[in-house]
Amino acid sequence: MKKVALFSTCIADFAAPGPATAAKDVLTRLGWDVEVPTRQSCCGQPALNSGFPDEAAKLVTSWLDTFSRYEHVVTIAGSCAAMLLHHGPELVAKRRHKPFPKLWEFSQFLVEHHPDIKLHFDARVTYHDSCHMTRMLGERTTPRQVLSKVDGLTLVEMADSDTCCGFGGTFSVKFPEVSTAMADMKLGTVQETAADYLVSSDPGCLTHLAARAKDQKKNVKTLHLAELVQMALREDGSA
Amino acid sequence: MKTPLPCSALKGKDGVTAQVPAFVAHGRQPGQSLHDLTKDALALSYTDETRERLRMLDRPPFGVVWDDEHLKLRDQGAAIRREVLAHLDDYLAQFIERVEAAGGHVHRAATAAQARAIITTIARDNDVKLAVKSKSMVTEEIELNAHLESQGIAVVETDLGEHIIQLRGERPSQLVGPATHLSTQDVADLFHDIGEDIEARPEPLAESTRTRLRPDFRDADMGITGVNFGAADTGTLVIVSNEGNVDLAVTHPRVHVAVMGMERLIPRLADIGTMVPLLCYAAADHVTTAYQTLITGPARAHESDGPQALHVVILDNGRDAMRSTEYSEALACIRCGNCQMSCPVFKALGGGHGYGSVYGGPIGAVISPLLGVPGKHDDLPFLCSLCGACADACPAKIPLPDLLLKLRVRATHEATGPAAALEKTVWRTFARTWTWPFTYRLMVEGARLAGRLVPSSLLARLPLARDWANGRALPPISLAGNLRRTAKRHRKGDRHE
């Protein structure tokens with residue numbers, strides 16, 4: 001069995017274990033030997049975005065210590081992938097560090113390795129293009145490619161699908177009122193689609209939006225793409 | 001005691017009833033935290049409406065889309081701006097020489113105060129009582145109007161948007177649309193206050209303004225403008241506008257004072273073929289503005305129109321120092337406002353007033369800490385979710401999110417005091433504990449335990465959780481570590497190295 005390491009991210013550890021758990025299940029059912037290294041923690045983005053690059057660099061170095069040895073690393077957070085690939089090399093350039101492994105965002109990995117995956121899920125969904133995955137990682141297409149493979153699924157595009165949800169990591173607690181005002185704009189465009197689920201590829205955005213929706217008693221159900229695929233994967237689905 | 005203004009357009013200003021908070025009129029107040037400022041901006045009665053207006057303007061058919069044709073224009077324009085910045089001293093010297101050769105006077109101002117003093121002296125020397133102004137952000141930066149008024153010189157803004165906010169006593173809320181936070185009804189109400197009952201439609205409101213401005217154009221002794229581009233090869237000032245007010249402001253008055261940032265040059269006049277369409281497209285999805293005013297020197301002896309004297313005031317105010325920093329690319333900005341229109345934080349705040357600086361939005365959060373008095377806006381780069389939309393929007397290809405991140409680093413390095421010390425300790429501890437598997441795991445288990453034992457109402461009072469819970473439900477932290485428990489069987493495969 002081919003081996004893949006799952007970078008589950010600190011969000012999975014502290015706030016939202018669902019997406020990483022689903023990704024692990026999906027990849028296992030697709031025939032991968034999935035490892036979830038226990039010494040992993042965080043990509044360091046919170047420190048970097050708070051203005052502490054040295055501290056972020058320590059996290060990236062530690063991340064490389066954990067993941068460097070794998071041929072494939074898959075993560076369920078587009079933002080963390082973008083952080084490691086866009087900022088990572090510069091952050092650790094002046095430190096002794098292990099080489100970067102091939103890092104995949106979940107949907108990228110699926111499209112590359114399982115183009116013929118059989119999926120079925122009866123629902124109307126709308127997709128939120130998370131900022132860092134879209135603009136820093138430069139990945140807009142693979143999530144929609146995955147969604148297009150799902151029988152029974154209708155994708156209803158929302159307005160401004162690539163507009164920020166207002167999470168922004170520490171921004172969400174530094175300026176909570178602005179952050180939630182942005183979430184309300186996003187939730188409004190989601191509700192306009194009358195979709196059953198709001199789907200995205202970043203647990204950060206989804207945690208933030210679900211928390212705001214709950215507070216405002218708005219009926220918006222969030223689903224990470226990995227969770228959707230987990231539900232949509234047919235028993236005979238391994239391609 | 002109020003002296004009657006020797007102008008027509010501002011008659012009845014004392015009757016304006018709009019309640020304008022201090023931060024909208026003058027920017028961030030001493031002692032006002034940025035967080036409080038954002039709350040005040042969100043609480044303004046018109047913010048929700050402005051937010052919807054800004055969102056509408058950023059969508060088709062109004063929003064800017066970089067199609068192939070415009071991507072090419074953008075590449076060319078961005079390259080021209082880089083060329084200028086790489087040889088700024090040479091181009092400045094050439095520009096100054098050509099302006100003077102055409103009969104203009106050039107003044108260099110190191111600071112905002114120097115620029116104000118220079119302009120005041122020019123006004124005094126020419127016995128100026130009334131100045132008409134076209135829209136100019138750099139004159140906002142040096143807070144020129146208030147200063148001239150304090151010296152007994154009346155100033156009348158002649159751009160419609162600027163006229164509106166001058167009547168209300170506000171700062172511009174957006175780079176090219178200074179009154180973008182107001183509706184046509186707001187403007188009709190404002191005009192009602194000054195004794196003009198006009199239908200709430202753009203055309204009649206503009207017509208009324210035009211009529212009231214006419215006598216001021218006629219009576220003004222001085223015209224004050226900004227400069228969009230200064231051509232180094234000819235000494236030509238390029239100013240774009242849509243209302244024709246620039247042409248009037250620079251032809252009728254005896255004296256023309258043009259104020260420009262020192263970086264606002266183009267190597268060749270021919271470059272306006274790229275820069276003007278680029279600016280107009282990025283600013284408003286237009287091919288060009290209705291008017292392009294090109295000025296080379298004052299009126300010649302045989303010319304009947306134009307000022308007797310042209311003064312060009314070139315402002316530094318922090319720009320020169322920026323050139324040798326890692327933020328130098330911000331000088332490529334052409335002030336189109338497209339980064340603001342693309343910015344979800346700017347939209348949520350209902351425009352730029354919530355930033356408390358003259359320049360709001362992404363470019364404002366980058367340049368405000370670097371211009372003028374140091375230390376005043378160092379926390380602005382944090383008022384951003386780092387979504388990156390501004391980098392895509394920028395016609396000059398300024399890597400705004402990267403600059404914002406670098407400025408955050410600078411701010412934390414320079415910060416002093418107990419709060420800054422605490423933050424440093426927090427992140428140092430973060431780096432230490434989150435790179436040790438044992439302590440990290442301990443924290444995950446701690447969170448799980450807290451989620452199971454402590455009621456969420458109590459959890460929501462803890463630092464950080466409190467800020468999160470301000471408008472949001474807490475995530476189910478009782479599930480913390482769940483994934484690791486189910487993945488335990490893989491531990492053997494994870495050898496420590």
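Where in chain B is the place of B:D127? It sits in the loop between α6 (112-125) and β2 (130-133), where helices (H or I, at least four residues) and strands (E, at least two) are DSSP runs, numbered from the N terminus. Hello everyone, let me come back to that residue after some background.

This is a predicted model, so local features need pLDDT of at least 70 and side-chain atom pairs count only at pLDDT 80 or more, while totals for chains, interfaces and linings use all residues. Residues are numbered from 1 along each chain as its sequence is written, chains are lettered from A and ligands numbered from 1 in the order in which they are written, and side-chain values use heavy atoms, with hydrogens and water left out.

Now, chain B as a whole. It has 24 helices and 10 strands. Its radius of gyration, taken over C-alpha atoms, is 26 Å, close to the 23 Å from the globule rule (2.2 Å times the number of residues to the power 0.38) for 497 residues, so chain B is as compact as a globular protein of that length. Along the principal axes, the C-alpha atoms fill a box of roughly 90 × 50 × 45 Å. Of the 497 residues, 55% count as buried, meaning under 20% relative accessible area, with exposed over 50% and partly exposed in between (1.4 Å probe, protein chains only). Contact means heavy atoms within 4.5 Å; among contacts in chain B between residues at least 6 apart in sequence, 75% join residues at least 24 apart.

Back to the backbone, as promised. B:D127 has a positive phi of about 55° although it is not a glycine, and this residue is exposed, at 51% relative accessible area. B:N317 also is a non-glycine with a positive phi of about 55°. Is B:N317 buried or exposed? B:N317 counts as buried, with 8% relative accessibility, and lies in the loop between β10 (309-315) and α14 (319-322). There is a cis peptide bond too, from B:P60 to B:P61, with omega near 5°. B:P61 is in the loop between α3 (47-57) and α4 (68-86).

Last, the partner chain. How many residues does the contact take from each chain? Chain B gives 66 and chain A gives 69. About 6000 Å² is buried between them, 63% of it from carbon and sulfur atoms; buried area is the accessible area (1.4 Å probe) that two parts lose on being put together, summed over both. B:W427, B:R472 and B:L483 supply 12% of the area that chain B buries against chain A, more than any other three residues.
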